[in-house]
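Subject: The two-chain model, with notes

Hi there,

Here is the model I promised to pass on.

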Amino acid sequence: MNYELNEEQRIIKESANRFLAESCSTDFVREMAEDEKGFTQEFWSKMAELGWMGLPFPEEVGGAGMSFFDLAIILTEMGYFCAPGPFFSTVVLGGLTVLEAGNDEQKTRILSELAVGNRILTLAWLEEGGSWGPKGINLRAESQGGEFALSGTKLFVPDAHVADTIIVAARTGDAPEEISLFEVDAKASGVGITLLDSFGGDKLCEVIFDNVKVPTENLLGETGGAWPVLNNTLLKAAVGKAAQMDGASQMALKFAVDYVKERVQFGKLIGTFQAVQFHCADMLTYADTIHFMMSHAAWKIAEGLPFEEEASMCKAWVSESHRKLVALSHQVLGGVAFMEEHDLQLYFRRAKAAELAFGDASFHRERVAQSMGL
Amino acid sequence: MDFSFSAEEQELLKEVRSFLKTETSEALFTECGELGHIYGGKEGRKFIKKFASHGWLTPNWPVEYGGLGTSATLAFAIREEMAYVGTPLVFVAAHMAGPTIMHFGSQEMKDKWLLPIARGEVEFCLGYTEPQAGSDLAALSIRAVDKGDYFQLNGQKTFNTHAHVADYHWLGTITDPDAKKYRGMSLMIVDLKSPGIDIRPMVTMAGWQTNELFYDDVVVPKENLVGDLNAGFFYVMHALDYERMFPLATYGSLVDEVAEYARTKIVDGEPLARNPIVRQKLAQMKIELAANRHLYYRLAHMLDHGQVPNYQASMQKLFATEVAQRIANTGMEVLGMFSQLTTDSKWAALAGKTEKFYRTSVVETIYAGTSEVQRGIIALRGLELPRK
């Protein structure tokens with residue numbers, strides 16, 4: 001067993017930290033949250049130059065051939081700095097799904113462009129029911145002489161408004177798991193994208209598909225065979241979100257610890273008060289367990305081992321612990337951090353958004369219950 | 001990072017598991033339950049001597065002292081296996097006194113004690129707490145006076161749990177009453193059969209026994225002083241950093257048993273395990289056990305990489321014991337009305353285990369450093385919060 005990053009992993013972490021510390025101030029984060037697009041081309045291109053986009057993809061398709069664990073390190077640093085933009089949508093939701101479902105031609109074409117930062121992807125999954133299960137997918141893809149016609153409404157599609165390609169999960173049969181994946185051009189006729197006002201600082205969209213014609217060659221994988229792929233994407237995305245929460249936890253903890261070492265009340269540093277110390281101790285306990293639960297799940301994925309149970313245990317634990325950690329940070333910082341100008345509110349918003357994404361704690365606990373044979 | 005055991009570790013664990021399956025008995029488990037999983041009972045000694053003959057009681061000790069020279073990770077893993085099965089689990093000699101002797105004892109002391117400890121032949125009783133010195137260990141008052149050839153001891157100890165089954169007292173005693181706090185305490189090994197020691201039982205609400213001890217002109221040979229005179233507080237703190245580890249697998253086995261109960265118990269015409277609330281609660285326990293396991297093996301990792309666990313040991317103790325209480329409570333909730341019935345009661349479920357765990361779990365967050373002491377250590381040492 002080894003609970004520390006190895007040399008190579010430490011270098012990835014340090015270089016990501018260095019880049020984001022320079023390029024991703026919280027002023028920039030706030031500006032991008034207000035900005036319609038949500039990122040700048042300059043920021044995006046720099047990440048691509050650093051090789052982040054292609055990091056988890058094989059070298060044959062233009063990637064760096066690194067592991068999901070390495071990707072999780074980058075995501076952790078992005079969470080630490082609240083990095084904006086469609087990186088998660090492109091690499092985790094779009095890229096990893098294409099890598100698993102696509103044929104060689106699709107993988108090479110899509111991922112080689114993705115890897116150099118020239119193609120933004122996202123994944124259209126949820127619908128009106130708000131369910132992550134296969135039964136929640138009711139957008140129909142009808143086969144009509146050499147092409148499919150897609151009709152229906154997708155919700156909470158992250159970064160669809162800036163995406164080049166939307167991977168769409170659509171129903172191609174009546175059995176619960178008869179789901180197929182399609183590569184759809186975001187500019188295709190009949191695709192209507194509306195940005196949804198949302199409190200989390202990320203960019204969630206409604207995407208209406210009105211008889212959108214998709215050539216058969218844009219089918220990713222077998223007709224009706226997409227559910228296992230989607231399920232893996234869900235779990236990897238859950239662990240990826242947990243990695244962001246891991247980083248965000250470190251920052252929320254730092255805010256509190258720095259503050260209690262300088263804030264004086266009753267003539268003493270408030271960090272000397274046991275009530276405050278105990279809150280801080282609990283925050284560190286959350287932070288450490290968050291980090292290990294996430295790392296274990298990411299390691300399982302990276303090693304090619306079965307990861308279903310670890311991924312769900314990770315998302316359940318991290319979702320709740322991160323929220324509690326941020327709440328303790330707010331409590332310790334007092335009124336100061338209730339102010340809009342304090343950066344903790346950025347983390348507070350993202351904590352809840354991350355908790356809800358890709359299955360909340362109850363959702364994943366149910367999955368753990370299933371794996372326990374209950 | 002790497003979350004797997006090495007091939008050698010897996011191989012040895014397989015042997016340990018198979019031994020634990022074939023060599024344990026109902027009599028052993030019963031005694032263990034009655035003693036609160038401390039080592040020293042008749043059945044426990046019989047079993048552990050056989051177990052220790054493989055080097056498994058102290059696997060990470062050097063071979064010359066009766067160990068196998070393995071990783072700390074393996075030692076931690078073996079303890080998890082023992083906890084899951086329900087063998088004796090709290091070893092003062094092998095896990096607390098032994099390592100301190102190895103670090104700070106004289107060569108004579110090492111030669112005399114380490115092999116018998118590794119073989120499971122002797123058990124010690126922790127002798128720290130006194131009526132006025134609980135969390136505040138520096139407030140000890142038991143006194144050892146230097147009489148030239150020997151020390152003469154007078155005073156009182158309380159909550160010394162192993163005393164009625166152990167052979168020796170691992171005693172913290174004041175040797176310089178004029179010294180500043182922390183600088184006048186020494187550690188000594190005292191034969192519990194020494195004339196002048198009176199051991200009186202204190203029965204806990206969990207059913208098992210702890211003890212108070214009275215020392216009246218007790219004679220302790222000079223050679224039984226551990227390390228340097230007046231350095232005891234330092235040794236105790238050092239030992240806590242090295243030896244504070246809480247395998248939670250005893251409670252883990254309860255989660256498995258309660259899950260099995262939920263799968264088979266029919267309520268309102270369907271298995272209890274179909275109930276979404278039951279599913280959520282049991283899954284949460286499984287998740288918390290997994291989180292604890294990481295804090296536990298991080299300690300082993302640190303030891304194996306030449307680091308001294310510090311706040312990390314406190315965090316694992318704190319987390320494990322709070323999880324233990326939640327598991328015990330969850331067990332009571334899932335079994336409902338049946339959870340209250342004691343072992344021999346008609347209609348008892350899981351042989352009355354849940355109420356027993358529920359009672360025992362109360363002390364987990366109190367002994368060996370309360371949760372408040374641990375949180376203080378985490379804040380002060382882990383986050384370097386100000387003391388003044």
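In which hand does H8(A) pass H9(A) where they cross? The crossing is left-handed, a term used when the near helix is turned anticlockwise from the far one by less than a right angle, with right-handed used for clockwise.

Before the rest, some ground rules. This is a predicted model, in which local features need pLDDT of at least 70 and side-chain atom pairs count only at pLDDT 80 or more, while totals for chains, interfaces and linings use all residues. Residues are numbered from 1 along each chain as its sequence is written, and chains are lettered from A and ligands numbered from 1 in the order in which they are written. Helices (H or I, at least four residues) and strands (E, at least two) are DSSP runs, numbered from the N terminus.

**The H8(A) and H9(A) pair**

These two helices pack at an angle of about 155 degrees, and their axes are 9 Å apart. Axes here are lines fitted to C-alpha atoms, for helices over the stretch in contact, and angles run from 0 to 180 degrees between N-to-C directions. Sorted by class, their contact has 17 nonpolar, 7 polar and 4 charged residues. In this sorting, Ala, Val, Leu, Ile, Met, Phe, Trp, Tyr, Cys and Pro count as nonpolar, Asp, Glu, Lys and Arg as charged, and the others, Gly among them, as polar.

**Where the chains meet**

Between the chains, 36 residues of chain A are in contact with 38 residues of chain B, where contact means that the C-beta atoms, placed from the backbone, lie within 7 Å. On the chain A side, two or more residues each come from helix H7 (227-260), helix H8 (274-302), helix H9 (308-333) and helix H11 (361-371). H8(A) gives the largest share of that side, 14 residues. By class, the side of chain A that touches chain B has 20 nonpolar, 11 polar and 5 charged residues.

One helix pair spans the two chains: the axes of H11(A) and helix H9 (residues 276-304) of chain B come within 8 Å and cross at roughly 85 degrees. That makes H11(A) roughly perpendicular to H9(B). From H11(A), the contact uses A:Ser362, A:Arg365, A:Glu366, A:Val368 and A:Ala369, and the residues from H9(B) include B:Arg279, B:Lys286 and B:Ile287. The class counts for this contact are 5 nonpolar, 3 polar and 4 charged residues.

**Inside chain B**

An automatic or database domain assignment supplies the domain bounds. It divides chain B into domain 1 (7-90), domain 2 (125-238) and domain 3 (244-382). The C-alpha centres of domain 1 and domain 3 of chain B lie 21 Å apart, and 11 residues of domain 1 are in contact with 13 residues of domain 3.

Which way do H8(B) and H10(B) run relative to each other, parallel or antiparallel? Their axes come within 10 Å and cross at roughly 15 degrees, so H8(B) and H10(B) are roughly parallel. Their crossing is left-handed. Among the residues that meet are B:Tyr251, B:Leu254 and B:Val255 in H8(B) and B:Ala324, B:Ile327 and B:Gly331 in H10(B). By class, this contact has 10 nonpolar, 1 polar and no charged residues.

**Domains of chain A**

Chain A is divided into domain 1 (7-119), domain 2 (122-225) and domain 3 (228-371). The C-alpha centres of domain 2 and domain 3 of chain A lie 31 Å apart, and their contact takes 10 residues from domain 2 and 11 residues from domain 3.

A:Cys82 is not a glycine, yet it has a positive phi of about 55 degrees. A:Cys82 is found in the loop between helix H4 (68-81) and helix H5 (87-101) of chain A. With 25 C-beta neighbours inside 10 Å, A:Cys82 counts as buried; the cut-offs are 20 or more other C-beta atoms within 10 Å for buried, 12 or fewer for exposed, and in between for partly exposed, with C-beta atoms placed from the backbone.

B:Leu350 also has a positive phi, near 45 degrees, and lies in the loop between helix H10 (311-335) and helix H11 (353-364) of chain B. B:Leu350 is buried, with 20 other C-beta atoms within 10 Å.

Best wishes

Note on methods. Two residues are in contact if their C-beta atoms, placed from the backbone, lie within 7 Å. Angles under 35 degrees count as roughly parallel, over 145 as roughly antiparallel, 65 to 115 as roughly perpendicular and the rest as oblique.
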